[in-house]
Amino acid sequence: MADRAVQFERLLPHQMESALAECPTAFVPLGTLEWHGVQNALGLDAIKAQALCVRAAQRGGGVVLPPLFGGVGGVDQPYTVVMEPEPTFHSRLLEPWLSVLCGELKRVGFRAIILLTGHYGASQQMIVRETAVRETQRLAIPILGTPEYWLALDAGYLGDHGGFFETSLLMALIPGLTDLSQLQGDPPFQGIGGGDARQATAQEGERVSEVIVSRLVTLARRMPQWDAATRTRFLRAEQALVSHQLEAGGAADNVWAAWANIQHFAAYGELLAAERFEEIGELVRTG
Ligand SMILES: [Zn+2]
């Protein structure tokens, strides 16, 4: 039912009651306000994350929170709003905001939460996943905190910044917020990273979007059903991933160190959706 209301702030109480009865999973889209090249809207990250969550909820159930346009870090370019500087391994704003929100979402009736960040400084990624791990333990409901591209690594999307993939995703998800004619000359283009944005297409954005959305649908349906043992297996895998990212970053004194071999984790999205958590742990051990 592609047109059903799934956005928290737009639901009437009886619609919320029905939504929770069908699938008590909350999607929390995260992003920021940041330069994404001359060709993309400045709110790309949160807009993209919200649109992916809305597609997933409309297809498989769940409720989508309003997106957060505020994150950790951001490229040093015009109109970037940096709420917390990078690099950092801790957070004074994002982490407490997410922690309180998770508690509130459980209190009002949700039984699983997906924190989906469309903004990916390394610090933002670690803080989101680490907060999800801790809140999974505190609240005893499954909470996943991940960048959206980790669900599509096996589709070739290894994360970029306003490059070929992010531009393609925005073209597919929200037509009208991208203008490729603004890109003049040859790469490198100002303040973007990744593949050549001039080659971006809505078709490619749809392909990657479908991989991400299909996995979100599976997770949103399954997570509220997980028993305590399954939740613990999930928790162990996510804890291992967080530890790996923190330890690699700490040892190298480089917050991005754990991303040096990102392709090693290509199976993450497939394994997560299939609840093959021990195999995620194995990826981390060999990563
Ligand atoms: Zn972005």
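**View 1. Where H3 and H4 touch.** Leu94, Glu95, Leu98, Ser99, Cys102, Gly103 and Lys106 of H3 meet Ile127, Thr131, Glu135 and Leu139 of H4; contact here takes C-beta atoms, placed from the backbone, within 7 Å. By class, that contact has five nonpolar, three polar and three charged residues (Ala, Val, Leu, Ile, Met, Phe, Trp, Tyr, Cys and Pro count as nonpolar, Asp, Glu, Lys and Arg as charged, the others, Gly among them, as polar). This is a predicted model, in which local features need pLDDT of at least 70 and side-chain atom pairs count only at pLDDT 80 or more, while totals for chains, interfaces and linings use all residues. Residues are numbered from 1 along each chain as its sequence is written. Helices (H or I, at least four residues) and strands (E, at least two) are DSSP runs, numbered from the N terminus.

**View 2. How H3 and H4 pack.** H3 (residues 94-107) and H4 (residues 122-139) pack at about 35°, axes 10 Å apart. Axes are lines fitted to C-alpha atoms, for helices over the stretch in contact, with angles from 0 to 180 degrees between N-to-C directions. The crossing of H3 past H4 is right-handed, meaning the near helix is turned clockwise from the far one by less than a right angle.

**View 3. Strand E5, covered on both faces.** Five of the five residues of E5 (residues 143-147) are buried, so the strand is largely enclosed by the rest of the structure. Ile143, Gly145 and Pro147 sit on one side, Leu144 and Thr146 on the other. Buried takes 20 or more other C-beta atoms within 10 Å of a residue's own, exposed 12 or fewer, and partly exposed falls in between, with C-beta atoms placed from the backbone.

**View 4. E4 alongside E5.** E4 (residues 112-117) and E5 run parallel, joined by five bridges; pairing takes at least two DSSP bridges. Look for Ile113 opposite Ile143. From E4 the chain goes through H4 to E5 in a right-handed β-α-β crossover, i.e. clockwise from the first strand over the helix to the second, with the strands pointing away from the viewer.

View 5. Most residues other than glycine have a negative phi, and most peptide bonds are trans. Ala140, in the loop between H4 and E5, has a positive phi near 55° and is exposed, with 11 other C-beta atoms within 10 Å.

Methods. Contact = placed C-beta atoms within 7 Å.
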